[in-house]
Amino acid sequence: MNTAERPEVLLAAAIATHRRERELARLLTALAVDGTPFEGGVFVADNASSAATQAVCAAAAVPCTWLPRPVNNGPGPAWNTAIAKALANPAVTHVMVMDDDVVPPPGTAAALLAALEDGPAAAAAPLLFDDKEHLWAFPEPRETALRAVIRRTVGADECRRALGGGPHPFCWATGACMLYARRAFETCGLFREDFWMLGEDLEFSMRVAAAAGGVFTADAIVPHLPPPPDPATSRVAHRLKFLALLQNLSYLAFHSPHSAHLRRYLAGNFKRYVRTEGVGPGTLWDGWCAFYEGALCRQPAGTPAGARLRERAKRRLERP
């Protein structure tokens, strides 16, 4: 399945990146051999841009446009920058939106295009796997029975056997690798820019699924391979990201018209936070503040309230 067989398709890619030259080069190489040409262009929005990232884009084997951004305020604003550039060409029909640390194997775009058509839907998601080839993240199936099935699966072959190819409608999906039809953006707008990270992808996928349909398929299996954490900064970085996730999930669970079902997962995420970060008074206070700001004050993690929460947590963790 390629654009020759689908003359109506003009595919573009929108990538958010920040100081990950090795991962970005790996992704651009993967897109070059996907089998479905990205003839609409590959647009790389570079948060807190660097000459090293510009050089990676210049050397890419796909038509690549480097879009420098002065600050790193999360993937949402970067994706929006790249998507807007892609859609400026009125002939572009689909945009594949990605983090810089995914590695789509050949045929991924074709599988997602097929899922969109079979849906029919305006958004299609793959299943994401980690470096141990275990299921890392998955969409929330709209069909209740499939929610238990997908949580019991581990490997790619097991997922394919348990789920079949699909496509299956979803309520929301993790946005590390997603294919959107142009009408998704025309109907629903772009990503919100007040989440900082870990949540804007869920919120946007919910909007699209509710308004225009979203599906996932086990025919598309995509590795998600972030770089190993820096030992000098990993403890603080992990805590701040976890707090952002908790604040954003708390906000979505109570204030998104499409995500009331997320409330049933909040307790599990806070339990995982305590199990991971410990039960010290500072840890518990930070977790409560994340819930308070998100659920009670209606403030996602990209707002000034979220920034203040993370700054307090950072100072506490960096004390000698």
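Trainee: Which residues does Ala 32 touch, not counting residues up to four places away in sequence?

Mentor: Bear in mind that this is a predicted model. Here Ala 32 touches Ala 61 and Val 62 once those sequence neighbours are set aside. Ala 32 sits in helix H1, residues 21-32. Ala 32 and Ala 60 are 28 residues apart in sequence, with 8.3 Å between their C-alpha atoms.

Trainee: Is Ala 32 buried, exposed or partly exposed?

Mentor: Ala 32 is partly exposed, because its relative accessible area is 36%, and that class lies between the cut-offs of 20% and 50%.

Trainee: And how do I read a nonpolar core?

Mentor: In soluble globular proteins, nonpolar side chains tend to be buried together. In this model the largest nonpolar core has 77 residues, and Leu 127 and Tyr 180 have the most contacts inside it. Beyond four places in sequence, the contacts of Tyr 180 include Val 95, Ala 122, Phe 185, Phe 191 and Phe 204. Apart from that core lies another, of 25 residues, with Leu 240, Leu 262, Phe 270 and Ala 290 among them.

Trainee: What about helix packing: at what angle do H9 and H10 pack?

Mentor: H9 (residues 234-255) and H10 (residues 263-277) pack at about 165 degrees, their axes 10 Å apart. The pair therefore counts as roughly antiparallel, since the cut-off for that is over 145 degrees. H9 passes H10 in a left-handed crossing.

Trainee: Which residues make the contact?

Mentor: Among them are Phe 242, Leu 246 and Leu 249 of H9, and Leu 266, Phe 270 and Tyr 273 of H10. The contact residues split into 10 nonpolar, 4 polar and 4 charged.

Methods:
Residues numbered from 1 in each chain as written. Predicted model: local features only at pLDDT ≥ 70, side-chain atom pairs only at ≥ 80, totals over all residues. Heavy atoms only, no water. Core = buried A, V, L, I, M, F, W, Y, C linked by side-chain atoms within 4.5 Å. Buried < 20%, exposed > 50% of the residue type's maximum accessible area, 1.4 Å probe, protein only. Contact = heavy atoms within 4.5 Å. Axes fitted to C-alpha atoms, helices over the stretch in contact; angles between N-to-C directions. Helix = DSSP H or I, 4+ residues; strand = E, 2+ residues; numbered from the N terminus. Parallel < 35°, antiparallel > 145°, perpendicular 65-115°, else oblique. Left-handed = near helix turned anticlockwise from the far one by under 90°. Nonpolar A, V, L, I, M, F, W, Y, C, P; charged D, E, K, R; others polar.
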